[in-house]
Amino acid sequence: AEMGAWMFLGFAFQAIGLETTTAQRSGFLLYLNVKFVPLFSRVLLGRPISVPTWISAFAAFCGTALLATDGQSIGFNAGDIWSISAAAASAMYIIRLEKATAGVQDAAQLNAACLWVVATLAAVWTFSGAFQDETNASV
């Protein structure tokens, strides 16, 4: 269930972010997850980060920052923050996947369980949003 929750958060945060940022920026910002994985592994699991990893993460971060600027705006907006949050959730999914796969014999079962959790949470989110929209429309 935890794995599906991280996956859902990644999808949900990106969807929310896309309401106020461009798809280009959101896509590039989502790939911050590659930079977050070693950082979160260090902070949460105490894993050492080698100098080459720091250098490559910094270079990749700079490249992401350059690519995410779309020439239309210089600063961050709310959608960018949501997209970065999606990257963080995705990084947590990747980190937790290592432990989750160690305890599962069949990866297909883990994947199916994750997708069921995502589908369930997405349905709850969708129907709760639909109910709110109907309530607001009738007022």
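Biologist: At what angle do helix 3 and helix 5 pack, and how far apart are their axes?

Modeller: This is a predicted model, to start with. In it, helix 3 (residues 33-45) packs on helix 5 (residues 78-102) at an angle of about 60 degrees. Their axes are 8 Å apart.

Biologist: What does that make them to each other, oblique or roughly parallel?

Modeller: Helix 3 and helix 5 are oblique to each other. The crossing of helix 3 past helix 5 is right-handed.

Biologist: Which residues in helix 3 and helix 5 meet?

Modeller: From helix 3, N33, F36, V37, F40, S41, L44 and L45 take part. They meet I84, A87, A88, S90, A91, M92, I94 and I95 in helix 5. By class, that contact has 12 nonpolar residues, three polar and no charged ones.

Biologist: How many residues does the largest nonpolar core have, and which have the most contacts inside it?

Modeller: The largest nonpolar core has 13 residues. L32, F36, F40, A87 and A91 have the most contacts inside it. Helix 2 (23-30), helix 3 and helix 5 each supply at least two of this core's residues.

Biologist: Which helix gives the most to this core?

Modeller: Helix 5 does, with six residues. In general terms, nonpolar side chains tend to be buried together in soluble globular proteins.

Biologist: Back to L32. What is L32 in contact with, leaving aside neighbours within four places in sequence?

Modeller: L32 is in contact with F61, T64, I84 and A87. There is also a second, separate core, made of nine residues. M3, F8, A12 and V118 are among them.

Biologist: New topic, helix 1. At roughly what angle do the axes of helix 1 and helix 5 cross?

Modeller: Roughly 165 degrees, for helix 1 (residues 2-17) against helix 5. The two axes come within 8 Å. Angles over 145 degrees count as roughly antiparallel. Helix 1 and helix 5 are therefore roughly antiparallel.

Biologist: Is the crossing of helix 1 past helix 5 left-handed or right-handed?

Modeller: Left-handed for helix 1 past helix 5.

Biologist: Which residues meet there, between helix 1 and helix 5?

Modeller: On the helix 1 side, E2, M3, W6, M7, L9, G10, F13, Q14, I16 and G17. On the helix 5 side, G79, W82, S83, S85, A86, A89, M92, Y93, R96, L97 and A100. The residues of this contact divide into 13 nonpolar, six polar and two charged.

Biologist: And helix 2 with helix 5? At roughly what angle do their axes cross?

Modeller: Roughly 30 degrees, and the axes come within 8 Å. That makes helix 2 roughly parallel to helix 5. Helix 2 passes helix 5 in a right-handed crossing.

Biologist: Which residues in helix 2 and helix 5 meet?

Modeller: R25, S26, L29 and L30 in helix 2 meet D80, S83, I84, A86 and A87 in helix 5. By class, this contact of helix 2 with helix 5 has five nonpolar, two polar and two charged residues.

Biologist: Is L29 buried or exposed?

Modeller: L29 sits in helix 2. L29 is buried, with a relative accessible area of 5%.

Biologist: Now a lysine. Where is K35, and is K35 buried or exposed?

Modeller: K35 is in helix 3. K35 has a relative accessible area of 13%. Buried means under 20%, so K35 counts as buried.

Biologist: What does K35 touch, not counting residues up to four places away in sequence?

Modeller: K35 touches A57, A60, F61 and T64. As for A88, its C-alpha is 9.4 Å from that of K35. Those two are 53 residues apart along the chain.

Biologist: Where is P48 found?

Modeller: P48 lies in the loop between helix 3 and helix 4 (51-68). P48 counts as exposed, at 74% relative accessibility.

Biologist: Last one, the whole chain. How many helices and strands are there?

Modeller: Six helices and zero strands. The pattern along the sequence is α-α-α-α-α-α. Of the 139 residues, 31% count as buried.

Biologist: What share of the contacts with a separation of 6 or more comes from residues 24 or more positions apart?

Modeller: Those account for 85% of such contacts in the protein chain.

Terms used:
Residues numbered from 1 in each chain as written. Predicted model: local features only at pLDDT ≥ 70, side-chain atom pairs only at ≥ 80, totals over all residues. Heavy atoms only, no water. Axes fitted to C-alpha atoms, helices over the stretch in contact; angles between N-to-C directions. Helix = DSSP H or I, 4+ residues; strand = E, 2+ residues; numbered from the N terminus. Parallel < 35°, antiparallel > 145°, perpendicular 65-115°, else oblique. Left-handed = near helix turned anticlockwise from the far one by under 90°. Contact = heavy atoms within 4.5 Å. Nonpolar A, V, L, I, M, F, W, Y, C, P; charged D, E, K, R; others polar. Core = buried A, V, L, I, M, F, W, Y, C linked by side-chain atoms within 4.5 Å. Buried < 20%, exposed > 50% of the residue type's maximum accessible area, 1.4 Å probe, protein only.
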